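Here are some notes to read alongside the structure. Keep the viewer open and look up each spot as you go.

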Amino acid sequence: MNTEAIPFSSGNPRIEETRGVMHLFSNDTVSALPVERKPLACVLGVPNHMTYADFCQFCASFIHHISEMRIVRNDGMEDRYSVLIRFDSQDSTDKFYQHFNNRQFNSLEEELCRVLFTLDVQFTGYTGSLDHVQSPPASSTEQPSCPVCLERLDQDASGILTTICNHSFHCSCISKWTDSSCPVCRYCQQQPEKSKCFICQTSENLWICVICGFVGCGRYKGGHAIIHWKETQHCYSLELETQRVWDYAGDNYVHRLIQSKTDGKLVELNSHCLHASDGCGSCHCIDSGVNEAMLTCETEIVNEYNELLRTQLENQKVYFETLLQQENEETERAIADAFNKTVMQKRQKMQAKLERCVKEKKFLEDLNENLLKNQEIWKAKLLEVEKREKKVLRMKGNKIQALEDQLRELMAQLEAAGKAVEQSSVSNENER
């Protein structure tokens with residue numbers, strides 16, 4: 001099975017640091033358990049917001065099978081840490097792997113617990129002062145004690161957790177410590193973020209403005225600190241690495257005032273004592289003028305500070321008045337542009353509406369003209385129809401009158417014929 005070597009380190013980098021390499025079995029391609037596995041596992045990429053107590057609570061179901069846990073940091077993973085875990089048996093290690101591998105740390109996050117079997121852990125070096133190295137025990141049988149409960153750290157009795165700063169505790173004791181810092185040295189596993197340039201995000205050659213706190217890089221990088229001075233006229237900037245103050249207006253350093261360690265007062269830095277390391281005494285290096293200046297330094301410092309403050313306030317007043325004027329001009333310009341744009345839009349809408357009304361008016365006028373023409377035509381047709389109807393009625397009346405006359409004549413003829421028949425029949429009866 002394939003293995004991968006991952007470098008790690010532990011300890012407080014400011015005091016001492018232990019470095020090493022852990023050889024882990026890769027489980028990306030093979031699902032079966034490694035044949036050469038040992039009761040040693042590694043949990044990679046635990047988020048920094050999980051404290052020691054959170055991790056102990058996460059694996060609480062196996063805490064009695066854990067002999068030792070060691071918190072380490074991996075190179076290139078500043079926001080995460082890893083945990084090397086030694087179990088009391090191989091069966092416990094296998095069950096821990098099957099239970100926690102690819103499992104969420106909690107239901108609110110998508111972070112998954114990645115567990116890998118560990119083949120070997122090698123310590124490659126140590127850096128730091130020898131004064132911080134723990135002295136060996138007085139006897140080979142003596143064991144260190146837990147700083148919390150003061151009981152001996154015995155792996156057979158209970159699990160041991162070694163923090164990232166190389167301090168060891170009982171798992172049951174550290175699980176009650178809810179803070180992310182070490183109970184002994186207060187070293188925090190969540191290190192503060194490094195300062196970066198606000199513009200280019202570089203972390204080298206940084207200067208911070210003592211007026212507004214803007215962090216920018218020096219002129220040998222991106223030059224954003226001096227660009228900030230040109231834009232805001234904030235002429236004093238502090239170099240983060242050396243704590244020296246630079247005056248852009250005077251083009252020189254101005255860190256002449258330091259705080260005395262004896263009385264805490266601000267005094268002028270004695271530039272004549274730069275060669276004190278060569279053997280000259282401080283009393284011989286300070287002349288009478290400097291002694292007199294030291295006696296009256298408080299008044300001078302206050303006056304100088306007040307003058308500096310007044311100058312900076314005046315400069316800031318002019319600067320912010322300029323910004324306010326520019327903002328007002330931009331606001332007025334924006335309002336005028338918005339007003340003109342609104343007027344133009346309304347004008348365009350009214351023009352379009354007027355054109356539409358003109359078209360409708362023309363259409364109605366054409367329609368009215370056509371209706372008037374049609375009205376004359378229909379009036380003429382109506383008169384012609386009325387005349388034709390009168391003529392038809394008159395002809396119909398005449399025809400009816402003629403028919404009635406013919407009917408009367410016919411009735412008269414029929415009546416005369418009837419009378420003639422009756423007379424003939426009467427005469428015939430008389431003859432008989």
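1. Let's begin with a term you'll need: a salt bridge here is a side-chain nitrogen of Lys or Arg within 4 Å of a carboxyl oxygen of Asp or Glu. Keep in mind that this is a predicted model. Going by that rule, the count comes to 13 salt bridges.

2. Take Arg73 and Glu17 as your worked example. Their closest N and O atoms are 3.7 Å apart, and the two residues form a salt bridge. What does this pair tie together? Arg73 sits in strand E4 (residues 66–74) and Glu17 in strand E2 (residues 16–25), so the bridge ties together parts that are 56 residues apart in sequence. Both Arg73 and Glu17 are buried.

3. Arg19 forms a salt bridge with Glu17, and here the closest N and O atoms are 3.6 Å apart. Is Arg19 buried or partly exposed? Arg19 has 30% relative accessibility, so it counts as partly exposed, whereas Glu17 is buried at 15%. Put together, Glu17, Arg19 and Arg73 are linked in a network of salt bridges.

4. Now for a salt bridge inside a helix. Lys95 and Asp91 form one, with their closest N and O atoms 3.3 Å apart. The two lie in helix H2, 4 residues apart, which is about one turn of the helix. Lys95 is partly exposed, with a relative accessible area of 46%, and Asp91 is partly exposed with a value of 46%.

5. Stay with H2 (residues 90–100) for a moment. Which of its residues are buried? They are Ser92, Thr93, Asp94, Phe96, Tyr97 and Phe100. Asn102 follows the helix, and its phi is positive, near 60 degrees.

6. Next, look at how some strands line up. In general, strands of a sheet pair through backbone hydrogen bonds, either parallel or antiparallel. Strand E1 (residues 3–10) and E2 run antiparallel and are joined by 8 bridges. Ala5 stands opposite His23 in E2. The hairpin of E1 and E2 has 5 residues between the strands, and in it Gly11 takes a positive phi near 105 degrees.

7. E1 also pairs with E4 in the antiparallel sense, over 2 bridges.

8. You'll find Thr118 in strand E7 (residues 112–128). A polar atom of its side chain lies 3.4 Å from the backbone nitrogen of Cys42. Leaving aside neighbours within four places in sequence, the residues in contact with Thr118 include His23, Phe25, Leu40 and Leu84.

9. Last stop: another sheet. Five strands form an open sheet in the order E11-E10-E12-E13-E14, with antiparallel pairing. Which are the edge strands? They are E11 (215–217) and E14 (252–253), and each pairs on one side only. Strand E13 (residues 245–247) and E14 are joined by 2 bridges, and Trp246 has Tyr253 in E14 as its bridge partner. Helix H4 (residues 224–232) lies across E10 (206–209) and E11, running at about 125 degrees to E11.

Technical notes. Residues are numbered from 1 along each chain as its sequence is written. This is a predicted model: local features need pLDDT of at least 70, side-chain atom pairs count only at pLDDT 80 or more; totals for chains, interfaces and linings use all residues. Side-chain values use heavy atoms; hydrogens and water are left out. Buried means under 20% relative accessible area, exposed over 50%, partly exposed in between (1.4 Å probe, protein chains only). A polar contact is a pair of N or O atoms within 3.5 Å; within protein, one must be able to donate a hydrogen and the other to accept it, and residues adjacent in sequence count only if both atoms are side-chain atoms. Contact means heavy atoms within 4.5 Å. Two strands pair if DSSP finds at least two bridges between them. Axes are lines fitted to C-alpha atoms, for helices over the stretch in contact, and angles run from 0 to 180 degrees between N-to-C directions.
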